[in-house]
Amino acid sequence: MVQKAKILLVDDRPENLLALEAILSALDQTLVRASSGEEALKALLTDDFAVILLDVQMPGMDGFETAAHIKRRERTRDIPIIFLTAINHGPHHTFRGYAAGAVDYISKPFDPWVLRAKVSVFVDLYMKNCQLKEQAALLRLQLEAGESPAIGGALLGELSARLATVEEQAEALTKQLDGTSETAAAAGAAHLESKLAGLRRALDALRPGSS
């Protein structure tokens with residue numbers, strides 16, 4: 001059974017968290033609430049998340065400061081952050097969100113379908129990466145245990161096929177974002193493609209005859 005991905009929802013208003021849960025419930029993933037930046041950072045200490053939806057305007061530690069803490073931690077720096085804000089102070093305010101490490105910056109009220117589609121992309125890529133890591137770990141264990149080359153070759157083939165699927169999805173996402181105004185999201189997709197390229201090189205290095 002495939003484990004569900006966790007999505008972190010950060011907002012100081014319970015009604016906003018309830019609305020996000022209603023929008024994202026169709027994705028059938030685990031939705032985790034946090035009512036403050038401090039609470040979000042605590043959740044990130046123990047759990048892995050596919051994506052973070054982070055409100056900008058919060059009392060105490062606001063969204064920008066919370067994102068800065070997230071990006072400083074090695075464990076969490078690569079988690080995609082989507083900023084949500086009820087106000088729009090213009091391009092400088094938006095730029096601050098991207099500079100804080102967000103992959104997207106959405107003003108309220110937002111289109112529920114668009115938000116769900118954006119979150120779905122990051123969840124799917126996260127799940128695929130988890131599957132690849134599990135397969136790679138299994139392959140490594142079997143090779144270290146001296147399993148037969150045939151078994152190793154079969155697993156290599158399966159892992160390569162899985163990786164190819166994720167590579168296609170990442171490429172499709174990059175093409176979808178290419179030429180749009182969502183430059184930060186496009187940069188996030190390019191970063192994902194870079195990580196996949198690293199996985200491909202590691203996989204190729206495991207093949208017989210590789211140096």
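Tutor: Let's start with a definition: a salt bridge is a side-chain nitrogen of Lys or Arg within 4 Å of a carboxyl oxygen of Asp or Glu. Keep in mind that this is a predicted model. By that rule, the structure holds eight salt bridges.

Student: What makes K4 and D28 a salt bridge?
Tutor: Their closest N and O atoms are 3.0 Å apart, and the cut-off is within 4 Å, so the pair counts as a salt bridge. K4 sits in the segment before β1 (6-10), while D28 is in the loop between α1 (14-24) and β2 (30-34), so this bridge links distant parts of the chain, 24 residues apart.

Student: Why are K4 and D28 called partly exposed?
Tutor: Buried means under 20% relative accessible area and exposed means over 50%, with partly exposed in between. K4 has 39% and D28 has 47%, so both land in the in-between class.

Student: How do you know that K6 and D47 form a salt bridge?
Tutor: Here the N to O distance is 3.1 Å, and that meets the rule of within 4 Å. K6 lies in strand β1 and D47 in the loop between α2 (37-46) and β3 (51-55), so the pair ties together parts that are 41 residues apart in sequence. K6, at 24% relative accessible area, is partly exposed, and D47 counts as partly exposed at 25%.

Student: What about E21 and R33, what makes that a salt bridge?
Tutor: Their side chains meet at 2.8 Å, N to O, against a limit of within 4 Å. Since E21 belongs to helix α1 and R33 to strand β2, the pair ties together parts that are 12 residues apart in sequence. R33 has a relative accessibility of 37%, so the label is partly exposed.

Student: Which residues are linked in a network of salt bridges?
Tutor: That would be D11, D55 and K108. As for the general idea, side chains of opposite charge can pair when their charged atoms come close.

Student: Why do you call β1 mostly covered?
Tutor: Four of its five residues are buried, and buried means under 20% relative accessible area.

Student: How many aromatic pairs are there?
Tutor: The count comes to two. One of them is F64 with F83, which is edge-to-face, at 5.4 Å centre to centre and 70° between the planes. F64 is in helix α3 (residues 63-72) and F83 in strand β4 (residues 81-85), 19 residues apart.

Student: And why is the pair F83 and Y105 edge-to-face?
Tutor: The ring centres are 6.0 Å apart, inside the pairing limit of within 6.5 Å, and the planes are at 65°, over the 60 needed, so edge-to-face is the label. F83 lies in strand β4 and Y105 in strand β5 (residues 104-107), so the pair ties together parts that are 22 residues apart in sequence. Ring pairs link F64, F83 and Y105 into a cluster.

Student: Are F83 and Y105 buried or exposed?
Tutor: F83 has 0% relative accessibility and Y105 has 10%. Buried means under 20%, so both F83 and Y105 count as buried.

Student: What makes you say that R116 sits over the ring of W113?
Tutor: The charged end of R116 is 4.6 Å from the ring centre, and the distance limit is within 6 Å.

Student: Last one: why is K118 called buried?
Tutor: K118 has a relative accessible area of 17%, so it falls under the 20% limit. K118 lies in helix α5 (residues 112-144), and a polar contact of 2.9 Å joins the side chains of K118 and D104.

Note on methods. Residues are numbered from 1 along each chain as its sequence is written. This is a predicted model: local features need pLDDT of at least 70, side-chain atom pairs count only at pLDDT 80 or more; totals for chains, interfaces and linings use all residues. Side-chain values use heavy atoms; hydrogens and water are left out. Helices (H or I, at least four residues) and strands (E, at least two) are DSSP runs, numbered from the N terminus. Buried means under 20% relative accessible area, exposed over 50%, partly exposed in between (1.4 Å probe, protein chains only). Rings of Phe, Tyr and Trp (its six-membered ring) pair if their centres lie within 6.5 Å; planes under 30 degrees apart count as stacked, over 60 as edge-to-face and the rest as tilted. A charge sits over a ring if NZ of Lys or CZ of Arg is within 6 Å of the ring centre and within 35 degrees of the ring normal. A polar contact is a pair of N or O atoms within 3.5 Å; within protein, one must be able to donate a hydrogen and the other to accept it, and residues adjacent in sequence count only if both atoms are side-chain atoms.
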